[in-house]
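Thanks for making the time this morning.

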Amino acid sequence: LKMTIWAPKEVVQENKPASLLILLAPGEADQWFYFEHGIHKILNEMMADGEIDPMVVVCVANDRLYGGYFYGNSLPGGYYDNVLGNTLIEHLQFRFPSLIVDPQYRGIGGFGQGAYGAFRAAIQNPGAFSSITAVDGPLDFDGPDGSSGFKLLFNDALFENGLNVTTGYSRTDTARQIDSSSANPITRMFIGGSVAFSPHDTSLNKTGLRHAGTLVINSRNSINDSTTLVTHLLT
């Protein structure tokens with residue numbers, strides 16, 4: 001789990017009691033996302049003005065491969081449910097012993113996919129957090145009528161790949177395929193979501209570096225235990 005931590009010197013050097021805020025990055029953003037947008041400047045100003053008490057802010061990276069993984073829980077996408085809760089909190093309390101143990105002084109939040117991840121982490125870890133901050137997050141995937149929301153974006157993903165929205169067949173003579181290149185951001189998001197939310201292991205081959213590699217889906221069918229079939233499974 002990649003993360004960047006901001007902590008004032010009062011906490012690091014003087015062991016002053018501090019609250020904890022965990023922020024989850026949006027899709028395809030790394031652990032520096034919030035710092036690139038100036039969160040450390042705001043924290044320093046608010047600390048200097050006495051607007052906030054000492055606090056530790058932990059910024060967690062989303063997976064930059066294929067549109068982000070929505071902080072789901074799967075073999076290919078990562079077991080975030082097992083980490084974004086007491087496991088991460090205990091690790092941080094070991095690194096910063098002065099963190100206040102009372103969950104009243106502990107919050108989680110995020111932007112985009114990170115907003116969904118924050119709600120998911122709080123639900124999966126009852127009592128771990130007392131506040132949730134969600135900005136522009138997909139908390140309702142299919143809309144109030146069950147046929148809107150993200151479902152409508154799937155047509156856009158097909159269109160990105162030159163596929164007929166109604167039948168899924170190619171509008172050209174080229175082979176039918178899904179292109180997860182940088183030119184197709186909606187497609188990347190759906191691929192990341194598919195890997196994150198699949199109820200089964202997906203038969204995948206991963207080549208190259210994790211941040212600049214190729215992911216090949218070997219089968220369209222659900223495979224209950226793909227580890228017996230694929231040597232280099234993306235983990």
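How many aromatic pairs does the count come to? The count comes to 13 aromatic pairs, and another one to look at is formed by Phe 33 and Tyr 34, with ring centres 5.0 Å apart and planes at 85°, so that this pair, too, is edge-to-face. Phe 33 and Tyr 34 are both buried.

Let me turn to the charged side chains, where the structure holds two salt bridges. In one of them Glu 28 is paired with Arg 188, and the closest N and O atoms are 2.5 Å apart. This pair links distant parts of the chain, since Glu 28 sits in the loop between β2 (19-24) and α2 (33-36), while Arg 188 belongs to helix α7 (residues 185-197), 160 residues apart. Are the two partners buried or exposed? Glu 28 is partly exposed, at a relative accessible area of 23%, whereas Arg 188, at 13%, is buried, because buried means under 20%.

In the other salt bridge the side chains of Arg 120 and Asp 81 meet, at 2.8 Å from N to O. Here Arg 120 is part of helix α5 (residues 113-124) and Asp 81 is in the loop between β5 (78-79) and α4 (86-95), so the pair ties together parts that are 39 residues apart in sequence. Arg 120 counts as buried at 17% relative accessibility, and Asp 81 is likewise buried, with a relative accessible area of 17%.

Finally, a word on confidence. The protein averages a pLDDT of 82, and 76% of the residues score at least 70. Over residues 220-235, however, the pLDDT is below 50, although this stretch has 35 contacts in the model beyond near neighbours in sequence. Where pLDDT is low, the predicted coordinates should not be read in detail, and I would ask you to keep that in mind as you look around.

Conventions. Residues numbered from 1 in each chain as written. Predicted model: local features only at pLDDT ≥ 70, side-chain atom pairs only at ≥ 80, totals over all residues. Heavy atoms only, no water. Salt bridge = Lys/Arg side-chain N within 4 Å of Asp/Glu carboxyl O. Helix = DSSP H or I, 4+ residues; strand = E, 2+ residues; numbered from the N terminus. Buried < 20%, exposed > 50% of the residue type's maximum accessible area, 1.4 Å probe, protein only. pLDDT = per-residue confidence, 0-100. Contact = heavy atoms within 4.5 Å. Phe/Tyr/Trp six-rings, centres within 6.5 Å; stacked < 30°, edge-to-face > 60°.
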